[in-house]
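Biologist: Hi, I'm new to this one. Could you walk me through it?
Modeller: Happy to, let's bring it up.

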Amino acid sequence: MLEVLEPELGLESIGGLEPVKAFFREVIAALRKGEVKLVPRGITLVGPPGVGKTALAEALAYECGFNFVKVINARDRWVGQSERNYWKILQALRSMTPVVVLEDEADQSEHSRDEASADSGVSNRLRQMRFDFTGDPRIQGQILWIRISNRPDRLDAAEKRSGRSSERIPLLMPDAADKARIFEVMPTKHGFPCEVTDFSTAVEHCERRHPGQISGADIEEITFRAYRRARWRGAQSIALEDYHWAIEDFIPFQDRESIEAQERAALALCSSRQFLPEGKRDLLEVRESGSGSGAA
């Protein structure tokens, strides 16, 4: 019911997201000093797929030297077994401290109380068990629970309040500057020889070919394709022409309208202006004007 992961990469392997990484460095410094009151009780990372949510959780565990585990669905078909499974998960987490807990696709882990459910109250009981657990002041700074969601509009309202989720951080699609940083770190991250030092042309090509549709994960895929193309043509390192070929070859899986809806939903949950990239802060007006938070 718990998948134990081995974090391998730190914050230096993540391109862009500078405001969020700066906050994570503050959390890491507090954890290293044992100043637990400076550590958030919980963090919720929201945004479109591929923007670095899981990578940030892994980097946090790596940098502070914590265990890193992923919670698997505890549900069982037998009456009462789901609750027993979840109780075992929570007790196991106590024995693994210090630990970073990753709950991926948090919007799917249980039904919101606003939704119709035929699970005889199992979702509500599991939710309350987690609330009681994460609200225990004795685990602050020892168990850091990170929830990840592409659909924050489906999270239960109680999940979003301060205290249970001290920080709610939107991760948006990278702008041109962040794209360049992501392109820069990928060859080093994967050990690919690369002769390109200025990625501005590759970024411009991305913006022209796939405006607003390229995430960090997409850039990683483009880098792999560029490397394969370089090797196919007999070269040992990636050249700019390989990046251009890979960008032309790549087809994003989401349209811009869906991405914008997911970004609006993420912004609607944001807990601090410090997490918003400069070029995206005007989008917060959607929330403050009361126009809603659409979702894909």
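Modeller: A word on terms before we start: helices (H or I, at least four residues) and strands (E, at least two) are DSSP runs, numbered from the N terminus. This is a predicted model, where local features need pLDDT of at least 70, side-chain atom pairs count only at pLDDT 80 or more, and totals for chains, interfaces and linings use all residues. Residues are numbered from 1 along each chain as its sequence is written, and side-chain values use heavy atoms, with hydrogens and water left out.

Biologist: Thanks! Where does lysine 179 lie?
Modeller: Lysine 179 is in helix 5.

Biologist: Is lysine 179 buried or exposed?
Modeller: Buried, because its relative accessible area is 1%. Buried means under 20% relative accessible area, exposed over 50%, and partly exposed in between (1.4 Å probe, protein chains only).

Biologist: And what is lysine 179 in contact with?
Modeller: Setting aside neighbours within four places in sequence, lysine 179 has contacts with Pro174, Val203, Glu207, Ile214 and Ile219. Contact means heavy atoms within 4.5 Å.

Biologist: How do helix 5 and helix 6 cross?
Modeller: Helix 5 covers residues 176-190 and helix 6 covers residues 200-209; their axes come within 9 Å and cross at roughly 125 degrees. Axes here are lines fitted to C-alpha atoms, for helices over the stretch in contact, and angles run from 0 to 180 degrees between N-to-C directions. The two helices are therefore oblique to each other. For that wording, angles under 35 degrees count as roughly parallel, over 145 as roughly antiparallel, 65 to 115 as roughly perpendicular and the rest as oblique.

Biologist: Which residues make that contact?
Modeller: From helix 5 there are Ala176, Lys179, Ala180 and Phe183, and from helix 6 there are Ala202, Val203, Cys206 and Glu207.

Biologist: What about helix 6 and helix 8?
Modeller: Helix 8 is residues 240-249, and its axis comes within 10 Å of the axis of helix 6, crossing at roughly 15 degrees. That is why helix 6 and helix 8 count as roughly parallel. Thr201, Ala202, His205, Cys206 and Arg209 of helix 6 meet Leu240, Tyr243, His244, Ile247 and Glu248 of helix 8.

Biologist: Last one: what about the whole protein?
Modeller: The protein has 10 helices and six strands. Of its 296 residues, 49% are buried. Among contacts between residues at least 6 apart in sequence, 77% join residues at least 24 apart.
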